[in-house]
Amino acid sequence: MKKIFFFIIFVLILFIPQNNYALDYESSVSPRAIVGEVIPSDEVLSLDKQLSFRSFPFDDVAEIGYLSPQNVYSFEKWTDATNKTWYHIKTWMGNMWITGIDPTYYLLETSRWNMKTDGNNPVETTKGFNDALKWASQNGKTTFKVPAGTYLIAKSANLNDSTAQINMVSNMTFWLDDNAVLQKETNGWEGYTLLYVGQEVKNVTLKGGTYRGDKDTHDYSGKDYSWSYGTHESGTGIMLAGPDNVVVDGVKSTNFTGDALCICGNNKQVSIAYDQDFESGSIDDNGNLVADPTKVRTNNNKVTSLSDPVFKISNMFGPTLQVGREQTMPLHVYFYKSDGTFISSVKDQELMWSLITVPEEASYFKAVLETTDTAGIQFMIWNRAVTRNSVIKNSEFSFSRRQGITVAGADNVVITNNNIHDIKGTAPESGIDLEGGTGQYGNRNTNLIIKSNKIYNNNSYNVILYDGQDVTVEDNYLGPNETKSSVGVAVSSPFRTGAIIKNNIIEGSKIANENEATYIGNQVNGTMASITGHGIIIDGMILTNATLWLQPDLPYGITPSNITLNNTDGSGGRFLVDNQPLHVTNLTITGKSTLPGLGGNAPDGSTFDHVKVLAYGGGIALPRGTYTHCVFEAAAESDVPPSISGTGGTWVIDGCNIKTKKNAALSVDNPSANVTIKNSTMDVSGTMFGNQAVILVKKAGQINILNNSLNALGLTQSYIAAIKINITGEAMNPATVLRATIKGNTITTNNNAKGISTIDAGTGAPVYDIQDNILYNAQLDLKTNDINMNNKQLLK
């Protein structure tokens with residue numbers, strides 16, 4: 001009965017006379033009169049949400065029905081006393097009133113703009129996008145919604161064809177339906193762009209949908225230029241070429257011959273100053289020309305003119321000298337009005353790096369270089385724009401040939417919460433590559449954050465910091481490719497300063513570091529972290545079945561602290577030190593390994609403070625250095641002692657604790673080593689056989705064993721020694737331990753073993769100094785020429 005009742009009401013409302021109401025509002029059958037002018041309207045209204053409609057334009061009139069998001073057309077409108085605009089529209093139920101329209105929202109009318117949604121008519125469809133975007137911008141629209149469908153974006157008719165791409169306008173959200181696909185038409189160009197955001201554009205959001213390239217059907221046989229490489233690596237999905245304030249949110253960009261996304265700059269060489277355009281001299285703080293035989297200044301104001309229209313779009317420029325010429329000389333720039341009035345100056349700028357802002361009234365500038373050599377000089381003036389103040393988030397960049405994201409000219413950009421994967425086809429094959437090319441007239445990268453992304457299965461790299469400054473890579477998952485051969489994060493030698501690599505999970509993909517960087521709290525699993533350079537801090541790194549290989553290029557150029565290596569599968573994780581000494585603090589290596597957990601061949605000078613190597617199985621080759629407050633504990637099955645080997649060097653073991661089950665606590669086998677073991681405790685809890693001892697010294701230039709506590713409490717053989725100089729049976733061979741001092745030690749054995757044994761030192765062995773030692777249960781077994789003073793042999 002209720003359904004019948006509401007149907008009757010609906011029919012009655014439907015047949016209320018509308019014509020009089022629309023034409024004569026004072027005599028309308030409306031519940032109240034409409035006061036004010038009803039204005040004729042011919043507008044497209046895009047509904048961004050479900051809206052109700054009524055038979056009269058009043059909030060207290062009952063809602064008759066609802067309209068889903070769509071385009072409707074009004075024929076008149078009225079503004080009520082509360083300044084709310086009502087639109088009179090035609091519906092399938094008759095003429096109705098709606099309000100709540102967002103006048104800035106536009107739902108693309110594909111038929112109006114002669115566009116196809118079935119993947120056909122690429123030229124018309126591409127033109128339709130660009131015409132509709134211009135119209136929307138000119139008519140106050142700030143949201144441009146693209147309905148579901150496949151839109152074929154035209155291939156270029158010629159080189160640099162800007163009509164064969166979607167060209168974004170300012171102050172616009174370009175919002176693709178989840179089922180909307182922008183498909184690049186199959187082509188044979190080495191370079192192309194699907195969607196372009198130029199340097200004149202600002203305040204843009206790209207949201208939703210799929211951007212898809214022609215990778216799988218592309219013709220790779222031709223070249224754009226005779227001199228190009230033919231790699232077809234420049235087919236780009238989304239090109240940000242120097243805009244300001246762009247947000248890319250929730251898009252999928254895939255299958256491009258080059259980059260899925262390029263966060264790039266734009267540059268134009270405006271002019272070049274040659275030798276004849278310079279003269280000797282400088283400029284004072286008031287802009288006056290002054291004599292200075294140590295400097296040169298430009299003298300041709302036409303060459304340094306700032307009249308090019310491009311400076312109205314971007315007021316930044318960056319001078320350089322030609323590649324191959326010294327770029328380190330300071331640059332000073334002085335700006336002038338057209339009548340020669342001095343405006344301002346900027347000093348100590350860097351060639352090939354600095355971006356200089358042009359004052360609004362500046363007509364030209366003069367440059368001063370701190371050099372006297374201008375022979376063959378090419379001083380290039382570049383207008384530059386970089387992508388600024390932008391965010392890339394919640395998106396997927398995948399299955400493209402060159403990069404997921406290239407960053408080649410950006411400042412203050414955040415890349416966060418994206419999936420970037422399966423990049424393979426042409427170098428560099430990276431998830432994200434920061435490579436502006438500042439050393440080759442390119443654009444600089446500064447102040448970037450790469451955070452909380454999942455980057456994996458890329459053929460060569462996940463993240464490359466090739467050049468730039470002040471970049472943070474934080475909270476990312478940097479995963480392996482199928483062969484675990486990729487680099488998770490690379491900091492290359494051209495990168496300047498300010499690389500922070502923080503709290504990432506780097507799994508099955510390497511670290512390759514060549515320059516200054518700070519590593520904080522990263523997890524590294526199943527791979528190699530190779531770190532070279534100087535100015536490098538590593539703090540809180542946790543490595544599992546992984547190796548950390550440190551190769552500073554200056555003494556103490558790398559500072560590692562709070563490092564943990566966990567070996568869980570026996571594959572071997574190592575801490576290696578090479579090239580130069582360094583200071584290590586709080587290093588812990590745990591778990592059985594088939595390889596030495598600690599090693600390297602750095603020269604003298606390293607310090608190892610609070611190092612722990614626990615449950616090692618493959619022995620430890622101690623690098624040269626001083627070890628303080630260290631702990632070494634062997635696994636039960638280990639039969640390879642920690643060792644001092646190689647050739648030459650100085651070792652100090654001070655205040656350390658070494659524990660083993662069935663082998664020596666420490667072996668010294670280096671013919672020219674200078675070794676001091678002092679204030680330490682060494683325990684062998686099990687039995688030992690053959691040529692073993694708590695401390696076994698086979699070869700050494702100098703061995704000092706001072707004030708230690710040595711314990712061997714599980715012995716079954718009395719011939720075993722606590723301290724043994726050379727191995728049994730070497731007494732008739734030349735001595736290999738050249739100097740020995742053994743003083744102040746306490747030695748405890750569970751039987752009458754040999755506490756200190758030197759009788760096998762060999763022929764020509766010098767006098768060894770054996771004094772002030774206390775031996776519990778153990779015996780002295782010394783050469784006749786040794787100094788044997790104040791040693792005590794006691795029972796316990």
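Guide: Happy to. One definition first: Ala, Val, Leu, Ile, Met, Phe, Trp, Tyr, Cys and Pro count as nonpolar, Asp, Glu, Lys and Arg as charged, and the others, Gly among them, as polar. Please also keep in mind that this is a predicted model.

Visitor: Got it. How many cavities of 30 Å³ or more does the structure hold?

Guide: There are two of that size. The largest cavity holds about 60 Å³ of space.

Visitor: Which residues line the largest cavity?

Guide: The lining consists of G318, P319, T320, M352, W353, S354, L355, R384, G442, N443 and R444.

Visitor: And how do the residues of that lining divide by class?

Guide: Four are nonpolar, five are polar and two are charged.

Visitor: Now the pockets. How much space lies in the largest pocket?

Guide: About 1500 Å³. Its lining is made of 41 residues, and those that lie nearest the centre are S234, T236, M239, C262 and C264. The elements that each give two or more residues to this lining are β13 (191-197), β16 (234-241), β19 (259-264), β20 (266-273) and β34 (403-408).

Visitor: What does the class count look like for the lining of the largest pocket?

Guide: The lining has 14 nonpolar, 20 polar and seven charged residues.

Visitor: Back to β16. How many of its eight residues are buried?

Guide: Seven of the eight are buried, so β16 is largely enclosed by the rest of the structure.

Visitor: How many bridges join β13 to β16?

Guide: Six bridges join them, and the two strands run parallel. One of the pairs is V197 with L240, the partner in β16. β16 is also joined to β19 by four bridges, again running parallel. There, A241 stands opposite C264 of β19.

Visitor: Remind me, what do strands of a sheet pair through?

Guide: Backbone hydrogen bonds, in either a parallel or an antiparallel arrangement.

Visitor: OK, next topic: the second largest pocket. What is its volume?

Guide: The second largest pocket has a volume of about 270 Å³. Of the 17 residues in its lining, N130, S162, T163, A164 and N167 lie nearest its centre. By class, that lining has seven nonpolar, five polar and five charged residues.

Visitor: Which element gives the most to the lining of the second largest pocket?

Guide: That is α3, which gives seven residues.

Visitor: Which residues in α3 are buried?

Guide: P122, T125, T126, G128, F129, N130, A132, L133 and A136 are buried. Several strands are included in what covers these residues, namely β7 (105-107), β8 (143-146), β9 (149-153), β10 (166-167), β11 (172-176) and β12 (180-184).

Visitor: I have my eye on K116. Where is its place?

Guide: K116 sits in the loop between β7 and α3. K116 is partly exposed, and its relative accessible area is 36%.

Visitor: What is K116 in contact with, leaving aside its neighbours within four places in sequence?

Guide: K116 then has contacts with N121, T125, T150 and Y151. K116 and Y151 are 35 residues apart along the chain, while 6.5 Å separates their C-alpha atoms.

Visitor: And S492, buried or exposed?

Guide: S492 is buried, with a relative accessible area of 11%; the cut-off for buried is under 20%. S492 lies in the loop between β43 (487-491) and β44 (499-502). Beyond the neighbours within four places in sequence, S492 is in contact with I464, L465, Y466, E514 and N515.

Visitor: Last one. What is the strand order in the open sheet of six strands?

Guide: The order is β60-β63-β66-β69-β72-β75, with parallel pairing. β60 (643-644) and β75 (779-781) stand at the edges with a single partner strand each, so one side of each has no neighbour in the sheet. Within the sheet, four bridges join β63 (residues 666-669) to β66 (residues 693-699). L666 stands opposite I695 in β66.

Definitions and conventions: Residues are numbered from 1 along each chain as its sequence is written. This is a predicted model: local features need pLDDT of at least 70, side-chain atom pairs count only at pLDDT 80 or more; totals for chains, interfaces and linings use all residues. Side-chain values use heavy atoms; hydrogens and water are left out. Two strands pair if DSSP finds at least two bridges between them. On a 1 Å grid over the protein atoms alone, a cavity is a set of points where a 1.4 Å probe fits but cannot get out, and a pocket is an open set with protein on both sides within 12 Å along at least five of seven lines; lining residues have an atom within 4 Å of a point. Grid points are joined across faces, edges and corners, and a volume is the space filled by probe spheres set on the points. Buried means under 20% relative accessible area, exposed over 50%, partly exposed in between (1.4 Å probe, protein chains only). Contact means heavy atoms within 4.5 Å.
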